[in-house]
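Here are some notes to read alongside the structure.

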Amino acid sequence: MTKPLILLIYISFALVAADKGARPLGWEGELMDLIDTIRQEARLTSYSTGRGDFAESTYAALRKTPRHLFVPPALRALAYFDQPLPIGYGQTISQPYIVALMTDLLEVKAYDRVLEIGTGSGYQAAVLSHLAKEVYTIEIIDKLGEAAQKRFEDAGLKNVLGKVGDGYYGWPDKSKAPFDGILVTAAASHIPPPLLKQLKVGGRLVIPVGPPFQTQYLTVVTKTEKGVETKRILPVQFVPFTGAINE
Amino acid sequence: MNRLFLFVFGISCAGLTYEIVLFRLLAIVQESSVIGVIISLALLGFGYSGSFLSYLKKFHDKADPFSFLAYNSLLFSISSVLSFLLVTTFDYNPNELLWGWRPLLYLFLYFCALSLPFFFVSNCINLAMVFRPEQLHRVYFSDLVGAGLGGLCAFVFLEILAPGKALAAASLLGVLSFVVITPLNLGKLLGAFSGFLVFLFVISPKDWSPSSTSYKPLAKAMFVPETRVLAESSSAYAQISLVESARIPFRYAPGLSLYFEGVVPKQWGLFINGGTFFAVTQGSGGEEDWQYFEHTPESLPYKLREKAKVLQVGLGGGDLVRLARFHNVTSLTVVERNRKLFDFLGSLEPAFMPPFGEEMLHSPPDSPLSLMGSEASYDIIHLSDTLGSPSAFLGSQNDSQEAFTLEMFQTYRERLAPGGLFAISLWNHFPAKESLKAWRMILDTFPRDSSLVIESLQTVLILAGTSPLREEEQRIESFCNRNAFRVLYPLEGASNVYTLLAQENEEAVHEFVEAYPFDLTVPNFDSPHFLNSSKLSFFGDWVRKGMNPRFFPVEADYFHLWASLFMAAICSILFILLPLWPLSHARLKASPGSLLAFAIYFSAIGFSFIVIEIAVIEKLKLLLGQSVLAVSIGISSFLVGGGLGALGAKKLASKEPATVWGLGLFTVLCAYGGVLCFALSALARVAPSFPPGVDLLAIVGLIVPLAFLMGFPFVLGIQRIAEASSHYVSWAWAINGSVSVLSSILAQIGTLHFGFTVTFSAALTVYFIAGCVLPILRKISS
């Protein structure tokens with residue numbers, strides 16, 4: 001009676017070991033687990049998002065972006081959990097699922113020029129850099145913006161250009177506009193009209209909209225020849241989006 | 001001997017002052033502040049003081065009593081400041097409760113740190129009673145009068161001092177108590193000197209405001225470069241901060257049309273308690289600055305009724321007033337609970353369009369409730385949660401919002417002139433929550449064919465008239481088309497949540513409401529919790545959806561309440577019950593039935609006392625519209641009344657037959673409780689017409705008799721079991737304390753879900769059960 005039991009336990013251990021063995025050790029393995037989690041959640045939220053799964057290119061971009069480089073050293077052990085993490089200044093690096101969702105909603109193509117408002121740690125811009133031709137990103141808080149820029153340089157992301165400043169008016173160098181996609185990672189009580197102006201016809205703007213400092217709704221705005229179309233996706237919570245006046 | 005009573009008076013006063021000041025301070029530094037949690041903290045400190053003193057019984061006889069009291073009062077003073085400073089170092093983000101364990105650790109530390117000053121206060125009062133048992137009634141009396149005065153002190157301190165200084169003032173009261181009681185001359189000298197230093201700090205012109213968690217909106221705003229606080233005003237009501245972000249100004253235009261191509265003018269940020277945000281829009285003086293108003297749904301009622309006589313509920317940052325001025329209204333009245341907000345906005349340098357002009361603004365009534373006794377009528381009544389939330393000063397989503405209740409909606413309708421319009425602007429949540437509650441109230445109050453719902457991307461405007469809106473149909477349609485706003489009701493050939501609620505089939509409506517993920521119960525004066533839409537079944541729903549934070553169907557403040565309940569349970573087990581277990585559990589020798597009766601009795605009276613106290617405070621928030629005043633009046637009345645009752649209980653306990661007297665007492669208590677429940681509900685309608693101060697007297701006059709009766713049961717119970725063994729007394733304190741710690745939070749949850757009357761009645765029923773158990777307690781003693 002005991003022999004089959006021992007055999008069963010042995011086989012179980014072997015199977016677990018084999019399963020672990022299929023995955024690389026270290027952060028790459030954790031990243032693959034994280035992507036599995038995101039896939040599951042993408043299916044769970046398909047009713048709201050209208051997407052059964054995200055594009056393989058989105059997952060590929062996530063695989064190329066080591067998240068632990070974008071979180072504070074003290075929290076690196078948590079970098080591959082599907083959760084937001086504090087990055088200081090009352091800000092957080094978004095939950096990886098939200099990063100994947102926003103990236104997927106933007107539907108970036110290889111020749112696209114993308115604008116991101118709210119650089120934060122730089123993780124979202126880094127993910128986008130693997131999909132788009134050029135990524136422009138603006139951050140309000142000096143220290144966050146400067147730290148993110150250094151991370152881009154360290155990671156060799158040459159197609160990402162960061163600036164510290166106000167995102168309300170979009171990218172200050174108007175010659176770069178219009179953009180194929182604009183992604184806002186800060187909450188807004190309204191959609192800033194200048195951002196819509198910097199969006200190409202047919203382009204997509206992904207933005208959390210709602211009361212500042214409360215739950216907002218991730219919204220996709222598509223610019224058309226006739227005007228704009230909007231679709232609310234999911235409730236989220238982002239830090240507020242402020243904007244400077246043109247003087 | 002006299003200085004012992006003076007000491008007890010002082011330290012009790014200091015303790016209650018600290019408790020109420022803590023309520024204001026936590027509202028400023030933390031994301032969510034709930035009065036039940038702070039009362040729970042205080043009760044926890046008192047509870048584990050009882051357990052601690054059980055260990056010190058032998059020590060009492062040998063120690064110099066006055067030194068012992070002096071040390072404890074000094075420790076209160078030190079810990080009241082240090083423990084608060086300690087908790088401000090925790091970067092507490094309540095939203096993180098959904099995905100991380102760190103907030104639970106912080107909550108645990110909050111409970112440990114903030115209950116410590118109450119522990120020292122309790123040590124002082126309990127030890128004074130132990131040291132002078134023959135003068136127990138005088139010690140108790142000093143304790144009660146001191147606590148009663150503490151409520152008043154806290155209110156005065158918060159009115160005249162910055163919140164941080166009010167904390168120092170509470171600590172100073174502890175130092176003064178130390179000076180009174182210390183037997184050492186050197187101690188007196190040092191105490192007086194340190195007290196003088198604290199006093200200098202309190203009266204110094206420089207303000208001290210505690211730093212908040214970096215997740216509070218004001219703290220987040222301050223991280224933006226070149227942001228500064230331009231002006232700040234603090235009172236018992238709230239802390240108001242006007243913030244300028246020079247490099248990157250605020251831009252707040254809820255509901256702004258996607259077709260608007262202009263620029264929103266510069267704004268300042270107005271933060272209430274570092275949390276609720278409003279914009280104070282500046283401008284260069286030109287009309288073009290205000291063109292953006294034309295592209296928000298909120299301007300629709302003003303377009304439909306030109307040259308109107310307008311009533312607005314809630315001032316916010318004054319943008320609603322500017323909107324009305326932009327549309328040339330002929331008369332404007334603003335109802336705002338916090339008069340200081342008028343003064344604050346009025347005192348700002350009018351370099352931009354003044355927030356309001358004397359010629360238009362009528363003398364504001366204090367409270368929306370005052371409209372119930374008014375005869376005035378208006379062409380437009382506007383209630384906006386986006387620009388001028390009338391509930392901004394209460395602080396939490398769990399608080400009452402009297403302006404958004406069925407009774408007030410009926411009043412708004414009564415105050416409308418013929419052809420008048422009632423407008424409500426709300427955030428457009430997805431799935432809809434508050435807007436559906438408001439819509440249900442509109443359907444209950446106004447004719448369906450005169451009601452309208454339109455949405456922008458961010459907001460919902462509900463419009464209701466006294467007569468059908470047929471004549472305005474074309475203008476409404478054109479306005480919506482110009483701005484990409486959608487009409488959600490009336491809607492032909494399609495359905496949505498608004499049309500489903502408006503259908504005639506009541507059974508179908510009922511089914512829809514039951515199945516909806518959020519609670520759509522219509523708020524009323526009994527349960528005025530408009531902003532809380534969490535269902536009690538949320539845990540089950542959440543577990544069924546894989547405990548995914550994305551599907552968490554409750555508000556953060558509400559979940560924080562449950563987390564606090566969990567932590568209160570952990571702390572009361574760890575600090576009150578477990579320490580007592582090795583000391584005396586083996587010495588409780590009675591039949592299981594008697595022990596059960598013992599546990600039921602002391603749990604029941606602990607539960608009922610606190611639940612009634614919290615439920616009444618919740619009701620007072622509705623009546624007074626001010627949390628600190630409600631808490632001060634509520635706690636002081638219950639403490640003074642309950643203490644006087646406890647003094648009277650000694651005489652009653654000696655009367656025979658005791659069982660008959662005891663049962664009689666509980667019957668009278670429940671009967672008067674019923675009267676109070678009815679009277680407080682009725683007071684909401686009549687109190688606003690009382691002269692100033694009379695409403696407070698009426699409230700105190702109603703509460704104190706009940707509190708007096710509620711002071712009896714504990715003393716009656718203790719006197720009966722004390723004959724059996726002193727260990728029963730320790731356990732009675734511990735059980736009563738632990739249940740009280742939990743009940744203060746349970747009461748809050750109860751009023752949120754079941755309303756004042758049900759919660760209050762449940763507590764009275766439990767009191768009655770305690771009364772039935774009282775005769776069995778005699779068996780333990782015999």
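Predicted model: local features only at pLDDT ≥ 70, side-chain atom pairs only at ≥ 80, totals over all residues.

1. How many residues does each chain bring to the contact? Chain B gives 40 residues and chain A gives 49 residues. Putting chain B and chain A together buries an area of about 4000 Å². Carbon and sulfur atoms account for 63% of that area.

2. The interface between chain B and chain A also has 1 salt bridge by the rule used here. Its partners are R232(A) and E455(B), whose closest N and O atoms lie 3.4 Å apart. As background, side chains of opposite charge can pair when their charged atoms come close. Over all chains, the search of the whole structure finds 16 salt bridges.

3. Now to the helices of chain B. Helix α1 (residues 2-29) of chain B packs with helix α4 (residues 65-88) of chain B at an angle of about 5°, and their axes are 12 Å apart. That angle is why α1(B) counts as roughly parallel to α4(B). By class, the contact of α1(B) with α4(B) has 13 nonpolar, 5 polar and 1 charged residues.

4. On the α1(B) side they include L4(B), F7(B), I11(B), Y18(B), L22(B) and V29(B). On the α4(B) side, F66(B), L69(B), F76(B), F84(B) and T88(B) are among them.

5. Chain B has an open sheet of 4 strands in the order β1-β2-β3-β4, with antiparallel pairing. Which strands stand at its edges? They are β1 (227-234) and β4 (276-281) of chain B, and each pairs on one side only. From one strand to the next, the twist averages 25°.

6. Within this sheet, β1(B) pairs with strand β2 (residues 239-245) of chain B in the antiparallel sense, over 7 bridges. To line the two strands up, look for A231(B), whose bridge partner in β2(B) is L242(B). Helix α11 (residues 319-326) of chain B lies across β3 (267-272) and β4 of chain B, and runs at about 35° to β4(B).

7. Another open sheet in chain B has 7 strands, ordered β6-β5-β7-β8-β10-β9-β11, with mixed pairing. Here β6 (331-335) and β11 (486-489) of chain B are the edge strands; each has a single partner strand, so one side of each is left without a neighbour in the sheet. The twist averages 20° from one strand to the next.

8. For a closer look at the 7-stranded sheet, follow one pair of strands. Strand β5 (residues 309-313) of chain B and strand β7 (residues 378-384) of chain B run in the parallel sense and share 4 bridges. One landmark is L311(B), which has I381(B) as its bridge partner in β7(B).

9. Some backbone details deserve a check. The peptide bond from Y489(B) to P490(B) is cis, with omega near -5°, and P490(B) sits in the loop between β11 and α16 (497-502) of chain B. In chain A, a cis peptide bond joins A177(A) and P178(A), with omega of about 0°. P178(A) belongs to the loop between β5 (160-164) and β6 (179-184) of chain A.

10. What is the phi angle of E226(B)? It is positive, about 60°, although E226(B) is not a glycine. You will find E226(B) in the loop between α9 (217-222) and β1 of chain B.

11. Chain A has its own salt bridge to show you: the side chains of D53(A) and R39(A) meet at 3.2 Å, N to O. This pair links distant parts of the chain, 14 residues apart. D53(A) is in the loop between α3 (46-49) and α4 (56-63) of chain A, whereas R39(A) is in helix α2 (residues 27-44) of chain A.

12. Finally, visit V201(A), in strand β7 (residues 199-209) of chain A. Leaving aside neighbours within four places in sequence, V201(A) is in contact with K223(A), T224(A) and E225(A). V201(A) and G227(A) are 26 residues apart in sequence, with their C-alpha atoms 9.0 Å apart in space.

Notes
Residues numbered from 1 in each chain as written. Chains lettered and ligands numbered in written order. Heavy atoms only, no water. Axes fitted to C-alpha atoms, helices over the stretch in contact; angles between N-to-C directions. Parallel < 35°, antiparallel > 145°, perpendicular 65-115°, else oblique. Contact = heavy atoms within 4.5 Å. Nonpolar A, V, L, I, M, F, W, Y, C, P; charged D, E, K, R; others polar. Pairing = 2+ DSSP bridges. Buried area = accessible area lost by both parts, 1.4 Å probe. Salt bridge = Lys/Arg side-chain N within 4 Å of Asp/Glu carboxyl O.
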